[in-house]
2 protein chains.
Amino acid sequence: MAKKGKKNYYDNVTDRIVKIIPLGGLEQIGMNITAFEYAESIIGVDCGLAFPTDEMRGIDLVVPDVTYLLENRDKVRAFFITHGHEDHIGGLPYVLKQLNVPVYAARLTAAVIETKLEEHDMLDSVRLNVMAAGDVVGVGDFKVEFIHVNHSITDAVAFAITSPAGTVIMTGDFKIDYTPLSGVPADLQRFGELGRQGVLALLADSTNALRPGFTPSEQTVAEFFDDAFRTYKDHRIMVATFASNLDRVQQIITNAAAYGRKVAVEGRSMVKIIEIAKNLGYLHVPEGVLVDMDEIPSYPAEKTCILMTGSQGEAMAALTRVSSGQHKSISITPEDVVIFSSSPIPGNEKAVYKVVNELSRSGATIVNRATHVSGHACDEELKLIYALTCPEYAVPVHGEYRHRQANAEIARSMHVEKDHVFLLNSGDVLALSKTHGEVIGSVAQGGVLVDGLGVGDVGNVVLRDRQNLSQDGIIIVAVALSADGGIVSGPELISRGFVYVRDSGNILEELKVTADHVIRESHGAKGFDRNRIKSEIREALGTYIWKTIKRNPVILPVILEVGE
Amino acid sequence: MAKKGKKNYYDNVTDRIVKIIPLGGLEQIGMNITAFEYAESIIGVDCGLAFPTDEMRGIDLVVPDVTYLLENRDKVRAFFITHGHEDHIGGLPYVLKQLNVPVYAARLTAAVIETKLEEHDMLDSVRLNVMAAGDVVGVGDFKVEFIHVNHSITDAVAFAITSPAGTVIMTGDFKIDYTPLSGVPADLQRFGELGRQGVLALLADSTNALRPGFTPSEQTVAEFFDDAFRTYKDHRIMVATFASNLDRVQQIITNAAAYGRKVAVEGRSMVKIIEIAKNLGYLHVPEGVLVDMDEIPSYPAEKTCILMTGSQGEAMAALTRVSSGQHKSISITPEDVVIFSSSPIPGNEKAVYKVVNELSRSGATIVNRATHVSGHACDEELKLIYALTCPEYAVPVHGEYRHRQANAEIARSMHVEKDHVFLLNSGDVLALSKTHGEVIGSVAQGGVLVDGLGVGDVGNVVLRDRQNLSQDGIIIVAVALSADGGIVSGPELISRGFVYVRDSGNILEELKVTADHVIRESHGAKGFDRNRIKSEIREALGTYIWKTIKRNPVILPVILEVGE
């Protein structure tokens, strides 16, 4: 570990210290991996992936950098997973390939992880342990307790992570739902009990920390759906939501069944999770309600409901293809009702509204108000968790910096001392003891880019190249030269993504003349220098293009040498 | 004009008809150009530009396609401009270059247009006429009346466009502000008067049609600013807003002055519009309040206010550069207060929040609630305009389809007959007479892409190339062949934006062997066929790359022929 230069408090004391280290290169900490370290034991909580930002052209996924864990491979005991969402489990196959330690997760979470491992052909090699809320797992110096919380997917848990340094609680993604669709409210009693015994630190979900009040119960959406299915009883209904929002899926199926509709599911991810949840008995589907998409046309439109992915305007998702008329079996009609049961995630607004506009043009009725509640706690819920646990330290996790900052302010308002609140960056090593808390250094961190089958091979140079190519295209200048630099063939100019036809003629022809001139000038008295010729070509052509049409393509000279 | 195949109502009657034709390739109609045509007269209202969507890589701007106007060049009499915002005037220089007709605009609008024309060196050649609310201009068969409305920039007007077919009102961007910062409320009396006389059609701004109620007065923001300047009296204050939101700029300057601060302005567009507005007497700046940015350090921080662009997270804007530590003279400190006086425009959320996160990390206080009111009318204001004008037909303009659809519903609720409400697409030709309204055809439409100095030369092929290049990069395979197809030099492989180093070695080396093999195979018995060799190289390399690393770069073979 690369410690900071200056000495820290712990150099002089012998406190029992737990270290908390968020890993991963994303703005949002606490969903990639959060490592907890005590003496010779390290555990990882969650192991998520992220989707690329706009600048990461051609990149499929971003997974956490686990260099620190690999360097301390002997200490790493296990991963504990809070819930089955992609941003908390998606990195597991990539990380377990390098570090095959046991994984502990609740039942549905484990089932979702299994399908991930299966895709990577790793099912047999991974030790996946199925736990339940209330269970305590001892690994190395840690005891990890599973605590039931509410979220938008079943079996979400918080962890109470106890080491000789004390108990740290990590909420995972959570909300408090007094009337959840299934199951019971978050285990507030246990949070209270732990708080009474003494909690060293609370790592709480910051996603909705900027929102005042309480997140409404999932039951409030039930009323909406009942109303919608009644109002639109003469229409086909399509509902788009997150594949992973099982509670929502349950509501839609329940309502569709109650109103005598058949339900078909479109979208691979949704089909898969529904199958898992049904098999585990977590999703209750009345006999005969679910049908295959191909069977839908054999029922009257108003007796059908299509449940689909694409509520975020994702390019390849079912609803997006329906909206652009590119879905193989579903065409939208003016009689259809499309319900968006979700809110746009920041950054997806444009894509979502594009789908809404396209669907509206068909004359279909679009419903996208009052159709969604969040799965994350608002500020009053966070205050409740602080009140129950009374932590000595607060470490806001999950959410962008502005969200974590808001969570930090809530912590202070709940009497966590100002300098006991830590806004960490990825890679920071926070050391906590009963008497002191300090960021004592930082370790390797960052996102590892996944592109096709390549993991971590795309770096900044490649991304910058792609960026440049995408702006003004590329011009290739190929020429064959004799050993003394005379032109044997060419120059030939070829371009992609570059505009070359103008009113005044073909600019490539003009550039060819320029290139030819440069090569002939380069040759001769000064001898033959590949690199000099190349840079002179780039310079001459670049200047000419900028002057004439104010563009800046990549210019790539290729010189073939023709022997003696 | 390409009429629809079938006959229309007007083929058989001799009504007086006005045609309304939105031009431009954007989702939002009514801000590019709306053409009005009666017999031998055409006028254009507004002439905006749009910014490229994500798919339009490398494109700077999108301006309207005016093919229809050029085809009817003899009929086109003038452009009338509602207000001085970029999305309503930005296309003018491009269009006037092709069609130099007079332009009519109110005072500030004309001044902003002048600076545009100056940039394009067109100031002397354009006939720009300065009008005032209440003025009526007669051109051809049209009389166009300027009617005062409220918006976020001074001198915004609606037009009452009267031809023998009747009076059509186009609101332009508007809201109704009973207590505007300067000036008077929108001229509701005149709208009522025109309504009483009979209005054929209303083209109203749909931007906020989905929002219930009334847009609050700009005065409500005044209270916020007064409060903010008092609360943060010991801090430097930075405020980011739209350069073009002159009312907001006025408020900030007024408050800063009242609290004894000096104001510096950062951002070229904002400096420019402030200068224009000040010169016209539209912006009231107390003596000595505005100072140069370089003078700011000579005042105590708490006696300064920096007004800047970048409220939308625009890449090159002042605040964005400050947030990333790349501004030449402003460094953010924990003592600073940054006010975002704007809401993110859909699509800009991610960029805005990135700036917020970066600024938050510095410890500065970020204020972005209750700091902004919209410049567009909400649904109750639209109802008021419908109630005043009682139009026979409604043509919602401005806003995405979903907004225009909401405006259409408002029109129907205000007793415009269902089939008298038209949701047009760009290029549609709507013909209206007192007895009938119908879309009778469509004309050329679409956006013209501006890339560097090129206008309209970038087409779909180029955009698709750029898209492909940006995904997985490019590999160039260069080879020199003798006349009979034997390899004289190469093949050489060069790549950009493509990842070639793997654990197992350099994939370019492997590809080189493959390419060499393909070329040698191609040669020989079958003779020498450039195109066949090229396609075989593409095929062989493409397959190999996809199989080994699941990527799909552009593969570009270049063959140089070496004589005899």
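**Close-up views of a predicted two-chain model**

**View 1. The loop around B:Ser362.** B:Ser362 sits in the loop between α10 and β18 (365–367) of chain B; helices (H or I, at least four residues) and strands (E, at least two) are DSSP runs, numbered from the N terminus. This is a predicted model, in which local features need pLDDT of at least 70, side-chain atom pairs count only at pLDDT 80 or more, and totals for chains, interfaces and linings use all residues. Residues are numbered from 1 along each chain as its sequence is written, chains are lettered from A and ligands numbered from 1 in the order in which they are written, and side-chain values use heavy atoms, with hydrogens and water left out. Leaving aside neighbours within four places in sequence, B:Ser362 is in contact (heavy atoms within 4.5 Å) with B:Ile332, B:Thr333 and B:Pro334. B:Ile332 is 30 residues away along the chain, and its C-alpha atom lies 6.8 Å from that of B:Ser362. The side chain of B:Ser362 also reaches the backbone oxygen of B:Leu359, at 2.4 Å.

**View 2. The contact between chain A and chain B.** Chain B gives 60 residues to the contact and chain A gives 60 residues. About 5,500 Å² is buried between the two chains, 55% of it from carbon and sulfur atoms; buried area is the accessible area (1.4 Å probe) that two parts lose on being put together, summed over both. In chain B, the most area is lost to chain A by B:Arg361, B:Arg496 and B:Leu560, together 11% of what that side buries. The model scores ipTM 0.74 and pTM 0.81.

**View 3. A salt bridge across the chains.** Four salt bridges are counted between chain B and chain A, a salt bridge being a side-chain nitrogen of Lys or Arg within 4 Å of a carboxyl oxygen of Asp or Glu. One joins A:Arg466 to B:Asp472, with the closest N and O atoms 3.8 Å apart. On the side of chain B that touches chain A, the elements giving two or more residues include α13 (460–472) and β25 (487–496) of chain B.

**View 4. Salt bridges within helices.** Over all chains, the structure holds 34 salt bridges. In one of them A:Arg520 pairs with A:Asp516, the closest N and O atoms being 2.7 Å apart. Because they are four residues apart in helix α14 (residues 507–522) of chain A, A:Arg520 and A:Asp516 are separated by about one helical turn. In chain B, the side chains of B:Asp226 and B:Arg230 form a salt bridge at 2.6 Å, N to O. These two, B:Asp226 and B:Arg230, are four residues apart in helix α6 (residues 218–231) of chain B, so about one helical turn separates them.

**View 5. An open sheet in chain B.** Six strands form an open sheet with mixed pairing, in the order β9-β10-β11-β12-β13-β19 (chain B); two strands pair if DSSP finds at least two bridges between them. β9 (136–139) and β19 (393–394) of chain B are the edge strands, each pairing on one side only. Strands β10 (residues 142–148) and β11 (residues 157–163) of chain B run antiparallel and are joined by six bridges. B:Ile147 has B:Ala158 as its bridge partner in β11(B).

**View 6. Backbone details.** A cis peptide bond, with omega about -5 degrees, joins A:Gly490 and A:Pro491. A:Pro491 lies in strand β25 (residues 487–496) of chain A. In chain B, the peptide bond from B:Gly490 to B:Pro491 is cis, with omega near -5 degrees, and B:Pro491 is found in strand β25 of chain B.

How values were computed: Polar contact = N/O pair within 3.5 Å; in protein donor to acceptor, adjacent residues only side chain to side chain.
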